[in-house]
Amino acid sequence: APQDGRVTRRNGLRVGLLSQADTLDPAESVEHAVIGDRPEYEWAGQARIRDIIAGLVAGIDWHATMGSLSGGQRRRVGLAALLVGEWDLLILDEPTNHLDIAWQLRLLDLLGAQPTTVIAAIHDIDTVLRHFDLVAVLHDGRMEASGRPAEVLDAGLMGEAFAVEAMQIPHPHTHRPHLLISRGKDTR
């Protein structure tokens, strides 16, 4: 299996991977973690890379070591390091892990702007409903359903797969669907 951020070729595709576990070197600087050994002229003129750095590494000391950062800051740096690469496919395991809600929304906006396919394992089903084009719901080792989130994430599936009651309601201002979830009948 490839390590985080490493280029792996599968069937001719460049695949970027971000695991749920933090694999960053605690002694490495933020700058080196994100940019690596590339000279500034190779990346400073690229708007996409500047946007990713501004979007995820804002407010973090560029010269700090990874070991001196909080879990959320380390996650943001790891995501920035991955996203500055040029990938055909990104596979992300819980990319919003350790991020507060504001940073989660920033990240989801950045992922939506990537010129590549993004596959993400996410347990926050409301986030999936609002930010992804397709969903595959996995439960007990099998796929329960797949398709467009608004069509798949309904009360029946949520009750069967997760024993919860759920309903989609539109946000009063954006009119985008949100998922309201409450405990099901079996509340052990």
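**Entry 1: terms and ground rules**

I take contact, or touching, to mean heavy atoms within 4.5 Å. The model is a predicted one, in which local features need pLDDT of at least 70, side-chain atom pairs count only at pLDDT 80 or more, and totals for chains, interfaces and linings use all residues. Residues are numbered from 1 along each chain as its sequence is written, and side-chain values use heavy atoms, with hydrogens and water left out.

**Entry 2: the chain as a whole**

I looked up the secondary structure and noted eight helices and eight strands, where helices (H or I, at least four residues) and strands (E, at least two) are DSSP runs numbered from the N terminus. The C-alpha trace spans about 55 × 40 × 35 Å along its principal axes. Of the 188 residues, 38% count as buried, a word I use for under 20% relative accessible area, with exposed for over 50% and partly exposed in between (1.4 Å probe, protein chains only). Among the contacts with a separation of 6 or more, 53% come from residues 24 or more positions apart.

Leaving aside neighbours within four places in sequence, Val34 is in contact with Ile53, Val57, Trp62, Val77, Ala80, Ala81 and Val84.

I then turned to Leu83, which lies in helix α4 and counts as buried because its relative accessibility is 1%. Not counting residues up to four places away in sequence, Leu83 touches Arg48, Ile52, Leu56, Leu90, Leu107, Leu111 and Gln114. I also noted that the C-alpha atoms of Leu83 and His98, which are 15 residues apart along the chain, are separated by 18 Å.

Arg74 lies in helix α4, residues 71-83, and it is buried, with a relative accessible area of 13%. The Arg74 side chain reaches the backbone oxygen of Met66 at 2.6 Å, and the residues that Arg74 touches beyond four places in sequence include Asp22, Leu24 and Pro26.

Thr116 sits in the loop between α5 and β4 and counts as buried at 18% relative accessibility. I found its side chain reaching the backbone oxygen of Trp87 at 3.0 Å and the backbone nitrogen of Leu89 at 3.3 Å. Apart from neighbours within four places in sequence, Thr116 is in contact with Trp87, Asp88, Leu89 and Leu90.

**Entry 3: the largest pocket**

I looked up the largest pocket, which is lined by 28 residues, with Ala120, Val128, Phe132, Leu134 and Val135 lying nearest its centre. The elements that give two or more residues to this lining are α5 (101-112), β4 (117-121), α6 (125-131), β5 (135-139) and β6 (142-147), and β4 gives the most, with five residues.

On a 1 Å grid over the protein atoms alone, a pocket is an open set of points where a 1.4 Å probe fits, with protein on both sides within 12 Å along at least five of seven lines, and lining residues have an atom within 4 Å of a point.

Definitions and conventions. A polar contact is a pair of N or O atoms within 3.5 Å; within protein, one must be able to donate a hydrogen and the other to accept it, and residues adjacent in sequence count only if both atoms are side-chain atoms.
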